[in-house]
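Look at the rings first.

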Amino acid sequence: MRLIRLAATPAAFFLPSRSKHVTAGKLALISMVVTVFFLFTAGNNLPGGSLDFIAWAEAIVRGMTLPPHVASRDIGFPLLYILAGFPWSHSFVGITLILASFAVLIPVLVYWSLVRTSRTIAFYMGVVCIISLSPITYMKFFFHDQAYMFFGLLAVALLIDFLWCGHFRTLYLFTLAALAISFTRPAGNLMFPVLMIIAYVTVRGPIRHYLACALIFVLVTGAYQWHRYEIFDMRNRPSIPSGMGMQMFYSMYLYLGDFGYQLSPDLGPNTKHLLDKLQQGLQPDVRESAIIKRALIDTPPDFMEKHVYSFTPQGLVEKIMTAPNEEYYMRAPRKIPLAKSPRI
């Protein structure tokens with residue numbers, strides 16, 4: 001009997017409790033064990049473009065301006081760098097701990113999103129979330145993905161709670177979470193209006209609360225736009241820097257081949273203009289061209305010799321068209337202005 005009791009004690013740890021809070025605590029502890037293991041065993045990853053967030057955090061603290069290409073990012077992740085003390089310590093420990101705390105809480109947010117329907121299903125979906133390793137996949141990936149995933153789940157969990165209970169304080173908290181996700185990644189900008197409409201249609205109640213939340217969102221977003229105007233020094237630039245064109249071109253360039261097509265001047269005047277400008281920028285020789293020296297300065301030499309320097313200007317342009325990859329996309333073509341035409 002004693003052996004059965006001893007065996008049942010750890011087994012009970014993986015069973016839902018009668019108390020929602022105790023069950024959430026169990027999930028948090030299980031998630032913490034997994035997170036701590038990978039916190040010490042997984043390697044750090046600084047993907048392309050990750051330095052833009054560090055530059056933004058430094059610019060805020062030092063009162064500097066940013067170059068136009070950083071405009072494709074948002075302020076959310078730089079603010080986490082500042083919260084972690086990176087501009088002063090230049091240590092990644094703080095930001096890693098913040099991302100690790102997000103990893104611990106993500107399964108808990110999955111649980112709280114489902115707990116009102118079934119506590120058992122909610123608990124085991126949280127366990128499945130941990131087993132899938134999705135909470136820790138981007139934990140040491142110093143990019144905005146982990147924060148975007150956490151704030152997205154937080155906003156959804158708060159919205160679901162509001163739909164069930166109708167407490168307007170939860171709606172205000174949802175608004176703050178929606179602002180966080182909007183400031184973390186451009187893709188989150190449409191989340192607030194869509195979900196706010198769902199909240200109003202489902203719950204109704206005094207419209208003043210919905211209007212107040214909308215006003216908060218508009219005012220904070222307006223303040224952020226003023227910040228972007230200042231930090232990108234827009235008053236002294238010929239055009240407003242934006243990453244919208246890069247984002248629209250990204251999927252088309254990388255995945256066009258999956259549909260049986262490839263990048264070509266025949267796609268439209270903007271594509272032809274881009275390719276012509278690229279070829280002009282590669283003159284007189286790929287190895288000596290200014291665009292390559294400027295854009296591929298930190299690319300590994302072996303890659304440069306095999307995939308860049310071995311081509312003529314025309315050959316490299318054809319290679320970029322026929323063999324799309326992240327390195328070609330992120331470097332050479334992204335700063336070339338497009339012709340004024342609605343066609344690609």
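Tyr 224 counts as buried at 6% relative accessibility; buried means under 20% relative accessible area, exposed over 50%, and partly exposed in between, with a 1.4 Å probe and protein chains only. Phe 183 also counts as buried, at 12%. This is a predicted model, in which local features need pLDDT of at least 70, side-chain atom pairs count only at pLDDT 80 or more, and totals for chains, interfaces and linings use all residues. Residues are numbered from 1 along each chain as its sequence is written, and side-chain values use heavy atoms, leaving out hydrogens and water.

Rings of Phe, Tyr and Trp (its six-membered ring) pair if their centres lie within 6.5 Å; planes under 30 degrees apart are stacked, over 60 edge-to-face, the rest tilted. By this rule there are 22 aromatic pairs. Two of them are listed here.

| Pair | Type | Centre to centre | Angle between planes |
|---|---|---|---|
| Phe 37 and Phe 38 | edge-to-face | 5.1 Å | 85° |
| Phe 183 and Tyr 224 | tilted | 4.7 Å | 45° |

Phe 183 lies in helix 10 (residues 168–184) and Tyr 224 in helix 12 (residues 207–231), so their pair ties together parts 41 residues apart in sequence. Helices are DSSP runs (H or I, at least four residues), strands likewise (E, at least two), numbered from the N terminus. The protein chain has 18 helices and 0 strands.

Phe 38 is partly exposed, with a relative accessible area of 23%. Ring pairs also link a cluster that includes Phe 53, Phe 77, Tyr 81 and Tyr 138.

Across the protein chain, buried residues make up 42% of the 344 residues.
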